[in-house]
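Visitor: Please take me slowly through one part of this structure, beginning with a single side chain and its partner, and then show me what else belongs to the picture.

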Amino acid sequence: MSVIKDEKKLLSTIKRIDEKIDKNNDQKILAFFESLGLTEREDVPKNFLDWDTILIVVPDRHISHELKYYKFSISRLFFVTNPYADQIHIYDFDQWKSVTRNKTQFQIREMMKTNFGGVKKTPSENE
């Protein structure tokens with residue numbers, strides 16, 4: 001004998017509530033991206049809400065610190081600082097996981113010079 005009177009009804013209620021939560025979180029993500037100006041950029045994929053987790057690459061720690069609150073208040077966001085990036089970029093987190101799997105921190109740092117928003121600087125730009 002089960003403690004729960006109608007488990008099927010409970011599970012369907014939980015599922016409906018989860019769908020509402022997901023929809024509200026999508027609205028939070030859209031509002032956040034609009035405030036960052038990401039929805040207006042041509043280089044930002046339009047299907048980012050289809051991703052399980054969204055990787056947000058920021059160019060420096062100051063921006064990362066400024067956005068830290070949103071990492072905790074909006075689910076499905078993951079932040080990475082890439083000092084070689086020239087602006088904020090977004091990617092599918094699954095892509096990040098597959099590329100960085102089995103790599104050392106040094107290898108990841110080297111990869112980020114030209115990937116995930118990284119723009120390799122020429123010697124004249126460093127001066």
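**A charged pair and its surroundings**

Guide: Asp26 has a relative accessibility of 21%, so it counts as partly exposed, a class that lies between buried, which is under 20% relative accessible area, and exposed, which is over 50% (1.4 Å probe, protein chains only). Before we go on, please keep in mind that this is a predicted model, in which local features need pLDDT of at least 70 and side-chain atom pairs count only at pLDDT 80 or more, while totals for chains, interfaces and linings use all residues. Residues are numbered from 1 along each chain as its sequence is written, and side-chain values use heavy atoms, with hydrogens and water left out.

The partner of Asp26 is Arg76, and their side chains meet in a salt bridge with a distance of 2.6 Å from N to O; the term stands for a side-chain nitrogen of Lys or Arg within 4 Å of a carboxyl oxygen of Asp or Glu. This pair links distant parts of the chain, since Asp26 lies in helix 1 whereas Arg76, 50 residues apart from it, lies in the loop between helix 2 (61-73) and strand 2. Helices (H or I, at least four residues) and strands (E, at least two) are DSSP runs that are numbered from the N terminus. Arg76, with 22% relative accessibility, also counts as partly exposed.

A search of the whole structure finds 4 salt bridges. One of them joins the side chains of Asp94 and Lys97, at 3.7 Å from N to O, and here both residues lie in helix 3, 3 residues apart, which is about one turn of the helix. Asp94 is partly exposed because its relative accessibility is 35%, and Lys97 is partly exposed with a relative accessible area of 37%. Glu110 and Lys113 form another salt bridge, whose closest N and O atoms are 3.1 Å apart. In that pair Glu110 is partly exposed at 33% relative accessibility, but Lys113, with a relative accessible area of 19%, is buried.

Let us return to the elements around the starting pair. Helix 1, strand 1 (54-58) and strand 2 (77-81) are the elements that give two or more residues to the largest nonpolar core. This core has 16 residues, and those with the most contacts inside it are Phe32, Phe33, Phe48, Ile54, Ile56, Leu77 and Ile90; such a core is a set of buried Ala, Val, Leu, Ile, Met, Phe, Trp, Tyr and Cys residues joined through side-chain atoms within 4.5 Å. If we leave aside its neighbours within four places in sequence, Phe33 is in contact (heavy atoms within 4.5 Å) with Leu38, Thr39, Phe48, Ile54, Ile56, Leu77 and Ile90. There is also a second, separate core of 11 residues, which includes Leu55, Val80, Ile108 and Phe116.

The structure holds 5 aromatic pairs, where rings of Phe, Tyr and Trp (its six-membered ring) pair if their centres lie within 6.5 Å, and planes under 30 degrees apart count as stacked, over 60 as edge-to-face and the rest as tilted. Tyr69 and Tyr70 make an edge-to-face pair, with 5.2 Å from centre to centre and 80° between the planes. Tyr69 is exposed at 56% relative accessibility, whereas Tyr70 is partly exposed with a relative accessible area of 33%. Phe78 and Phe93 form a tilted pair, because their ring centres are 4.5 Å apart and their planes stand at 50°. This pair, too, links distant parts of the chain, with Phe78 in strand 2 and Phe93 in helix 3 (residues 93-100), 15 residues apart. Phe78 is partly exposed, with a relative accessible area of 34%, while Phe93 is buried at 14% relative accessibility.

Gln87 counts as partly exposed at 30% relative accessibility, and, not counting residues up to four places away in sequence, it touches Arg41, Asp43, Val57 and Pro59. Although Gln87 and Asp60 are 27 residues apart along the chain, their C-alpha atoms are separated by 9.1 Å.
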